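Thanks for coming. I will go through one structure this morning, starting with a ligand site and then turning to the domains.

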Amino acid sequence: MKNIKRALITGVTGQDGAYLSKHLLSMGYQVFGTARRGASEKFSRLEYLGVKDMINIVDFDLLELSNIHKLIEEIKPTEIYNLAAQSFVPTSFDLPILTTDINALGTLRILDAIIAKNKEIKFYQASTSEMFGKVTEVPQKEDTRFYPRSPYGESKLFLHHITINYRESYDIFACSGILFNHESPLRGHEFVTKKITKGLTKIKNSKQECLYLGNLKAKRDWGHASDYVNAMVSILSHKKADDYVVSSGKAHSVQEFVETAASILEINYEWTGEGKNLALVNRDNNKKIVKIDEKLYRPAEVDELIGDSTKIKTNLNWKPKYSFENLVYEMVKFETENELVKF
Ligand code: NDP
Ligand code: GDR
């Protein structure tokens with residue numbers, strides 16, 4: 001009992017929370033996961049991975065201070081993985097104050113509770129490539145200058161720096177993973193990779209006419225969530241607390257993601273038009289199946305992200321298993337087999 005590691009995962013109902021739970025359980029951890037009380041059940045990802053009944057679910061909201069103190073007292077975690085966040089960039093432009101309160105101050109609430117209750121708790125913080133924003137260097141690594149382009153990116157920059165500050169000020173084991181985009185079949189429906197794989201699959205099966213997207217030229221460094229949660233655990237397992245970039249090192253445009261998914265679905269396609277008239281046409285029936293909706297453009301865009309994860313590869317021996325093509329293939333396959341599932 002004494003040596004069993006006890007992990008508290010905030011945001012366990014999200015994509016990463018589900019994969020991380022599964023990984024920690026396979027390593028013999030006792031896993032506690034936080035969920036916000038709400039009208040609807042939202043454990044479908046945990047159920048899909050077959051881990052829901054092996055996790056202790058606890059009520060929690062990052063907006064509230066007292067419940068994190070109470071959770072630490074009751075659960076006595078040896079590690080906290082703070083994954084909970086308002087994580088959708090466009091929403092952060094509509095709800096900048098709420099986003100900042102949840103992401104930035106929420107992290108500070110947990111750090112303060114660690115200082116107050118038990119400084120031995122190891123702490124992992126979910127930082128993000130969005131902090132690089134309008135990039136000042138290609139590829140981006142741990143010491144690249146940050147230049148966020150959204151309230152989401154700004155909120156994450158605060159929590160990134162405050163995590164470092166608490167590590168240096170109070171000598172706690174607090175680390176940040178600067179993770180680049182990572183996707184999976186369990187990705188939320190609002191993110192572009194899920195929109196594309198779900199939308200094109202429905203179009204292929206004649207269940208949808210057209211898919212509307214925003215900026216097709218944006219480039220992202222996409223990996224698979226299961227590889228990236230392994231990196232989180234490696235970061236907390238290392239002898240020294242530190243911060244690491246986690247990325248695939250390859251960038252693809254949204255347009256390339258569309259092409260890869262369309263090819264896997266054996267859609268006979270070609271692009272027509274340019275700018276806001278760019279469209280993907282199904283050559284078999286001449287219908288436009290992907291069109292641009294300018295409303296989906298962001299007030300400020302992050303045009304191109306590509307990460308250099310040499311540090312985590314060298315120091316922690318981290319190595320992703322998935323290629324870009326395997327990731328898209330798995331997401332498309334999931335949609336063809338699970339048409340009605342919506343995470
Ligand atoms: P998701 O959006 O899938 O999950 C976010 C989780 O946070 C959900 O469980 C959500 O709960 C919870 N949450 C939201 N607001 C609160 C709140 N006020 N109090 C408590 N819990 C809350 O995100 P991902 O799993 O994709 O990402 C995990 C973390 O990693 C996030 O912090 C994200 O910003 C960060 N990140 C993600 C990357 C990616 O590509 N996926 C890349 C870099 C960083 P509910 O179900 O109730 O909404
Ligand atoms: P991102 O992911 O903003 O990088 O944040 P998202 O999938 O939302 O956007 C990626 C890129 O695709 C472009 N895009 C669209 N995006 C969405 N959502 N919907 C569309 O229709 C669409 N069309 C084009 C966007 O403009 C953007 O350039 C994700 C989140 O998981 C964050 O929490 C995390 O920190 C970062 O990844 C790293």
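A word on classes before the site: Ala, Val, Leu, Ile, Met, Phe, Trp, Tyr, Cys and Pro count as nonpolar, Asp, Glu, Lys and Arg as charged, and the others, Gly among them, as polar. On that scheme, the shell around ligand 2 holds 9 nonpolar, 6 polar and 7 charged residues. This is a predicted model, where local features need pLDDT of at least 70 and side-chain atom pairs pLDDT 80 or more, while totals for chains, interfaces and linings use all residues. Residues are numbered from 1 along each chain as its sequence is written, ligands from 1 in the order written, and side-chain values use heavy atoms, without hydrogens and water.

Of the 22 residues around ligand 2 (a heavy atom within 4 Å), the nearest are Ser87, Thr128, Tyr152, Arg298 and Glu301. Now the polar contacts, meaning N or O pairs within 3.5 Å; within protein, one atom must be able to donate a hydrogen and the other to accept it, and sequence neighbours count only through side-chain atoms on both sides. A polar backbone atom of Ser87 sits 2.7 Å from an oxygen of ligand 2. For Arg187, a polar side-chain atom is 2.9 Å from a ligand 2 oxygen.

Where does ligand 2 lie relative to the domains? It lies between domain 1 (6-184 + 221-250 + 304-322) and domain 2 (192-218 + 253-301), because both give residues to its shell. Those bounds come from an automatic or database assignment. The domain centres, over C-alpha atoms, are 31 Å apart.
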